[in-house]
Amino acid sequence: MAQVPHASALDPKCIEQLVLRSQEAKKFAYCPYSHFPVGAAVLTKDGKIFSGCNMENASYPLCVCAERTAIQKAVSEGYKDFRAIAVATDLQDDFSSPCGACRQVMREFGTTWDVYMTKSDGTYIVRTVQELLPASFGPEDLHKVK
């Protein structure tokens, strides 16, 4: 797997496992409208991986992205501290970046964890949540106004 060097990169074996889990999750995507399957796998600070896929709905606003599915699965089992997330699509020539809503959900749990955006061949680029959503609004901002 080719990658762009990153200061807080995970162990290569861990990255490989995270990317593979996101690719596996993509196989379960329910996307009869967009035909754009997405899989995601989030790594907790404890080393546990939760995966998720996108799930579309005929009522389009009710669609749920793979990234949010994976994060919600982790949170629903008590995990809120994340090290990284990998996102997989079928794109061959581009790296697929999380949508704005997913970026904001990631931001809820910190700005320094890594986002591995992959191509179908397993190559990836990595950015932090902060790099994907600069000057963001987060939980600590709610305490600034008294």
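This is a predicted model: local features need pLDDT of at least 70, side-chain atom pairs count only at pLDDT 80 or more; totals for chains, interfaces and linings use all residues.
View 1. At a relative accessibility of 13%, T128 counts as buried, where buried means under 20% relative accessible area, exposed over 50% and partly exposed in between, with a 1.4 Å probe and protein chains only. T128 belongs to strand 5, which spans residues 124-128; helices (H or I, at least four residues) and strands (E, at least two) are DSSP runs numbered from the N terminus.

**View 2. The largest nonpolar core, with 19 residues.** A nonpolar core is a set of buried Ala, Val, Leu, Ile, Met, Phe, Trp, Tyr and Cys residues joined through side-chain atoms within 4.5 Å. In the largest one, the residues with the most contacts inside the core are V42, I71, F82, I85, M106, W113 and V115. Two or more residues each are given to this core by strand 1 (39-44), helix 2 (66-76), strand 3 (82-88), helix 3 (100-107), strand 4 (114-118) and helix 4 (129-132), and the largest share, 4 residues, comes from helix 2. Apart from this core lies another, of 13 residues, which includes L18, A84, A86 and Y116.

**View 3. M106 and its contacts.** Leaving aside its neighbours within four places in sequence, M106 is in contact with E67, I71, I85, P98, W113, V115 and V129. Among the residues with the most contacts inside the largest nonpolar core are M106 itself and I71, I85, W113 and V115.

**View 4. H35 and A135, two residues with positive phi.** H35, which is not a glycine, has a positive phi of about 55 degrees and is found in the loop between helix 1 (12-26) and strand 1. With a relative accessible area of 61%, H35 is exposed. A135, likewise a residue other than glycine, has a phi near 50 degrees and takes its place in the segment after helix 4. The relative accessible area of A135 is 79%, and this residue is exposed.

**View 5. The whole protein chain, as a setting for the close-ups.** The protein chain has 4 helices and 5 strands, which from the N terminus on run α-β-β-α-β-α-β-β-α. Its radius of gyration, taken over C-alpha atoms, is 15 Å, in agreement with the value near 15 Å of a compact globule of 146 residues under the rule of 2.2 Å times the number of residues to the power 0.38. The C-alpha atoms fill a box of roughly 45 × 40 × 30 Å along the principal axes, and 44% of the 146 residues count as buried. Of the contacts with a separation of 6 or more, 62% are accounted for by residues 24 or more positions apart.

Key. Residues are numbered from 1 along each chain as its sequence is written. Side-chain values use heavy atoms; hydrogens and water are left out. Contact means heavy atoms within 4.5 Å.
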